[in-house]
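Please read the following note with the structure open beside it. Each point takes up one part of the chain and may be checked against the view.

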Amino acid sequence: MEDDDLGKPISSIMADVVLGKEVVVELKNGFIVAGTVVTMDSETGNMKLENLTNTSMNEARLPEPHRGQQPAFVPPHLIALKSLVVRGSSVKFVDIPSSTAPTLMKAVEQERIRVAALQVEEEEA
């Protein structure tokens with residue numbers, strides 16, 4: 001079996017499913033950004049978000065004076081952003097719309113079946 005047949009990484013499967021969808025991305029540094037995925041690199045997980053609708057910071061990561069503020073504290077340099085490129089290695093998690101989850105799960109299962117079929121073929125050969 002060749003390396004290409006070992007199965008796609010989840011970022012590759014996810015890239016096909018989330019394009020054009022509104023997602024919420026939390027970064028490892030605590031920033032939370034919501035926007036529409038315009039591009040996503042299937043190898044690195046890097047993504048470009050446009051039409052940002054929400055930028056904030058995880059409450060637990062805020063400096064003490066900003067905790068519990070209403071409205072939620074938004075770092076000033078994020079307020080004017082219209083688009084943002086996010087490095088895949090800095091992503092803690094991506095929250096996808098619930099309507100997209102079944103499509104993603106189906107794509108993952110199809111990839112699992114494809115890889116299993118390739119393994120069976122190789123064992124028989």
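The points below begin with the overall fold and then turn to individual residues.

1. Overall fold. The model under review is a predicted one. The protein chain contains 3 helices and 5 strands. Followed along the sequence, these elements come in the order α-β-β-β-α-β-β-α. The protein chain has 125 residues, of which 32% count as buried.

2. Salt bridges in general. How many salt bridges does the structure hold? The number is 4. Among them are the pairs Lys92 and Glu26, Arg112 and Glu109, and Glu111 and Arg114. These pairs are treated in turn below.

3. The pair Lys92 and Glu26. The side chains of these two residues form a salt bridge, with an N to O distance of 3.9 Å. Glu26 has a relative accessibility of 7%, so Glu26 counts as buried, the limit here being under 20%.

4. The surroundings of Lys28. Lys28 is placed in the loop between strand E1 (22–27) and E2. Its side chain reaches the backbone oxygen of Ser89 at 2.9 Å. Lys28 also illustrates how positions separated in sequence can be brought together in space: Lys28 and Lys92 are 64 residues apart in sequence, yet their C-alpha atoms are 4.9 Å apart. Lys92 is also the residue that meets Glu26 in the salt bridge of point 3.

5. Thr36 in strand E2. Strand E2 covers residues 31–40 and includes Thr36. Because its relative accessibility is 18%, Thr36 counts as buried. The side chain of Thr36 makes a polar contact of 3.4 Å with the side chain of Glu22.

6. Asn51 in strand E3. Asn51 is located in strand E3 (residues 47–57). Which feature of its backbone deserves attention? Asn51 has a positive phi of about 55 degrees, although it is not a glycine. Most residues other than glycine have a negative phi. With a relative accessibility of 52%, Asn51 counts as exposed.

7. Pro97 is found in the loop between E5 and H3. Its relative accessibility is 23%, so Pro97 counts as partly exposed. Pro97 and Val24 are 73 residues apart in sequence, and their C-alpha atoms are 8.7 Å apart in space.

8. Leu104 in helix H3. Helix H3 spans residues 101–124, and Leu104 has its place in this helix. Leu104 has a relative accessible area of 11% and is therefore buried. The C-alpha atoms of Leu104 and Ala15 are separated by 9.7 Å, while the two residues are 89 residues apart along the chain.

9. Arg112 forms a salt bridge with Glu109, and the closest N and O atoms are 3.1 Å apart. Because Arg112 and Glu109 are 3 residues apart in helix H3, about one helical turn separates them. Arg112 is exposed, with a relative accessible area of 53%, whereas Glu109 is partly exposed at 36% relative accessibility. The side chains of Glu111 and Arg114 meet in a salt bridge with an N to O distance of 2.8 Å. Glu111 and Arg114 are likewise 3 residues apart in helix H3, which is about one turn of the helix. Here Glu111 counts as buried at 9% relative accessibility, and Arg114 is partly exposed with a relative accessible area of 33%.

10. The charged patch. Which residues gather in a patch of negative charge on the surface? They are Glu121, Glu122, Glu123 and Glu124. Glu123 lies in helix H3. The relative accessibility of Glu123 is 67%, so Glu123 counts as exposed.

Technical notes. Residues are numbered from 1 along each chain as its sequence is written. This is a predicted model: local features need pLDDT of at least 70, side-chain atom pairs count only at pLDDT 80 or more; totals for chains, interfaces and linings use all residues. Side-chain values use heavy atoms; hydrogens and water are left out. Patches are made of residues with over 30% relative accessible area and no salt bridge: like charges are joined within 9 Å, nonpolar side chains (Val, Leu, Ile, Met, Phe, Trp, Tyr) within 5 Å. Accessible areas come from the Shrake-Rupley method with a 1.4 Å probe; for residues, only the protein chains shown count as cover. Lys and Arg count as positive and Asp and Glu as negative; His and the chain ends are not counted. The place of a charge is taken as NZ of Lys, CZ of Arg, CG of Asp or CD of Glu. Helices (H or I, at least four residues) and strands (E, at least two) are DSSP runs, numbered from the N terminus. Buried means under 20% relative accessible area, exposed over 50%, partly exposed in between (1.4 Å probe, protein chains only). A polar contact is a pair of N or O atoms within 3.5 Å; within protein, one must be able to donate a hydrogen and the other to accept it, and residues adjacent in sequence count only if both atoms are side-chain atoms.
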